[in-house]
Structures are given as structure tokens and as C-alpha cells.
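These are my notebook entries on a protein structure. I set down in turn what I looked up.

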Amino acid sequence: MGTAVVSPPDGRRVVADQLGLQAVACKHMGSPFYGRLFELLRADVEAGGPAWDRLGPYDDQSFEQAYRLRLMGGVHKLVLAGESPELAAHFPSTGGDGDADAAWPLLRELLRDPPHVVLDAMSRPPQTNEVGRSSALVPGFLVVARETGLPLRLLEIGSSAGLNLRVDRYRYESDGLTWGDPASSVRFVDLWTGGRPPLDVRGEIAERRGCDRDPIDASDPDAALTLLSYVWPGQTERFELLRAALDVARRTPVVLERADAESWLPARLAEPSDGVATVAFHSIMWGYLADSSQVFLRDALAEAGRAATRTAPLAWLRLEPAEAGFPAELRLTSWPGGEERRLATTGFHGGEVRWAST
């Protein structure tokens, strides 16, 4: 007679399933090391081990709230800071052997009594600030510049360190068209398929400002380490791109305000803006907002849109997961008029951009 299998409680099942989904995502997106660790975390949650002790309190949170990535971000920061040489010996991002099974006993033991850096990471949303998303955002900005003929006023919510507010300090090249700083170490080359992105538009940026509940100062070495900690081990190109963007950020200050989007954006939209095209934008952050906050911001943008004119137009550009969850879609709503369009699709971390004809 076989041994009866006892199903885990509902909350444990939710956490285990989300860890399993995260494992698939990591493997698909270039981090088999994390993929295997998330599989091991899932098994430990199902067994009621220390992973369940750490993640169980989040069993009422949605997948988009990314508590799993908060945990591993804290662990990764510990490794990058040199505070866990045993784990570092296995993390690809620190020159380790990439053996997740060898790393697992060390990680499991760490979860029994996590250090402050891990607990702190779990107390706040991930700060990815993925600069690779600029390859999709910039053509969106340039569509607005082309259609309005005006300089751009960029307003970003959920800015983190504001790396995607410095888009004109990077270089973009596609099919003989170029835009941005030709000397930049942050380069996006031949990433666009389908339609042709409007990289031949001048696209002058007259103003750039952003807000975040917990903004990151890119000039602070510890803050920069936090950003790097959310890049998945094994994704070498993302690491190199982020390091280069952090160097650019240290030379290019931007105004980042500590504020929530619900209070900050309506105040900025109410400011006089004649002679510029205001572009309110965000990337892979909408899911962190409460439903009520999403409704409030949509209403605030629509209200500001009703007041938009040809000499003071408004655009809402967002790079967020598609309705089915993948890929990320770049959508643009423009006022006057309120026309909404899908401009492109891409990965959550950037990469190939499938551009629509515009």
C-alpha cells in the first residue's frame, strides 16, 4: 500500500505555484541558475521548510508583486557585496560555477535566519530600473515628437534611479538611422524588427522629471549595488548595460522626487506646459499599484487630456505586460483626441523590439 500524500494548505500551494512559474520565466529569459534555485525553493515551500517560513507571509500577494524576486534580490546583494563568499562561489555574477544545486544548501541555511540585507529587500518592491527598456520607450517618445513637432517634457512615475529619463544620453542605431549620443557606452543596435522606428526624428528633450516612493541615487555605491542585485545571475549583457548606464547617470543629474504617483503626477500635469509635448510614462510598474490607484491615475490623465491643446499636447506612454501577461506592450494614448495605439512589443527586460508601422 502506498503512502498517502497530504496536499499543502492553499496558501502554500499559491506560493509554490508562483515559484514554479518564476522558475520557468528565469530559464526562458536567460538565467538557468535562478530557474533551478526557484525550483528548489518551490520544493522547500511544499515541504514546509525555511523557504516557507520566509515566503509564507506573502501568500496573499499576487505574482506581479514579486516577493520572490525581492528575496533573491536581497540574497544577490549579499553575494555581490562580498558578504557571502561561499554562495559567491556558485553565483555566475561573481565568477562562480553556476551550480545551483551546490548553492542550495547554503541558501536554505541562510533562510533560517536571514541577515538584515535580505529582510530589508523583502520589505520593498524590486528596483529593477531596466535600462534595456529604453530601446522600446525611445521610439515611442519620437512618435510623439514627430506628430507634435514640439520638444518633449518627460514625466516618469516609478522612476527608481531615473535611468530611463536619461535616454538621449544613450545611442540607438537601426537600418542606417541613428539617435542619441554617438559616444555613449550604452548602445542599442539593430534590435527593431517589423516596422521602422522613427530614429530620424530630432526629439529634443526640454525637461525630464520623475518620482518614486523610494528613489535611488545612482551616485551612491550601495544604491547602485541594489540595482545590480535585481539583475538575474547569468544575464551578462544586462549587467554590462546597467553598469554602463549607472556611469552615465553619475554624469547626468535628473530631478527625482520622493512621492507616490497619485499625488505627484496630477500636480505635474496641472503645471503650465505651452510649447512642449508632455509625455507621462512608466515601464513595468503599473502592476505594483493598487486597483484604486490605477483608476485614479487613468482619470487624472483623461482629465488633463481634455485640457490638452495643439500647443500643449499630452501623451501617455506605457510599457507594461500584455493582457495575457507576456510580452510587454508599448501603448500610446495622445491628446487632444485621446487616440490609443499599440506601438510595439518586447521583453520585460528589453531586447528585440517588434515595432509596428507608425
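Entry 1. I looked up L319 and found that it stands opposite L330 in β10. I then turned to the strands around this position in the predicted model. Strand β9 (residues 314-321) and strand β10 (residues 328-335) run antiparallel and are joined by 8 bridges.

Entry 2. I next traced the sheet to which these strands belong. It is an open sheet of 9 strands with mixed pairing, and I noted the order as β5-β12-β11-β10-β9-β8-β1-β6-β7. β5 (192-194) and β7 (255-258) each have a single partner strand because they stand at the edges, so one side of each is left without a neighbour in the sheet. On average, neighbouring strands of this sheet are turned by 25° against each other, direction ignored.

Entry 3. I asked which strands helix α11 (residues 261-269) lies across. I recorded β1 (152-157), β6 (205-212), β7, β8 (277-283) and β9; the helix runs at about 165° to β1.

Entry 4. The largest nonpolar core has 59 residues, and L317 is listed with F141, L163, Y170, Y172 and V279 as touching the most other members. Leaving aside neighbours within four places in sequence, the contacts of L317 include F141, V279, L330 and L343. Another core, of 36 residues, lies apart from the largest one, and V15, A23, L37 and A51 are among its residues.

Entry 5. I finally checked R166, in the loop between β1 and β2 (171-174). Is R166 buried or exposed? R166 is buried, yet it has no salt bridge. The nearest side chain of opposite charge, D217, is 6.9 Å away. Beyond its neighbours within four places in sequence, R166 is in contact with residues including R208, T252 and V254.

How values were computed. Residues numbered from 1 in each chain as written. Predicted model: local features only at pLDDT ≥ 70, side-chain atom pairs only at ≥ 80, totals over all residues. Heavy atoms only, no water. Pairing = 2+ DSSP bridges. Helix = DSSP H or I, 4+ residues; strand = E, 2+ residues; numbered from the N terminus. Axes fitted to C-alpha atoms, helices over the stretch in contact; angles between N-to-C directions. Contact = heavy atoms within 4.5 Å. Buried < 20%, exposed > 50% of the residue type's maximum accessible area, 1.4 Å probe, protein only. Lys, Arg positive; Asp, Glu negative; His and termini not counted. Salt bridge = Lys/Arg side-chain N within 4 Å of Asp/Glu carboxyl O. Core = buried A, V, L, I, M, F, W, Y, C linked by side-chain atoms within 4.5 Å.
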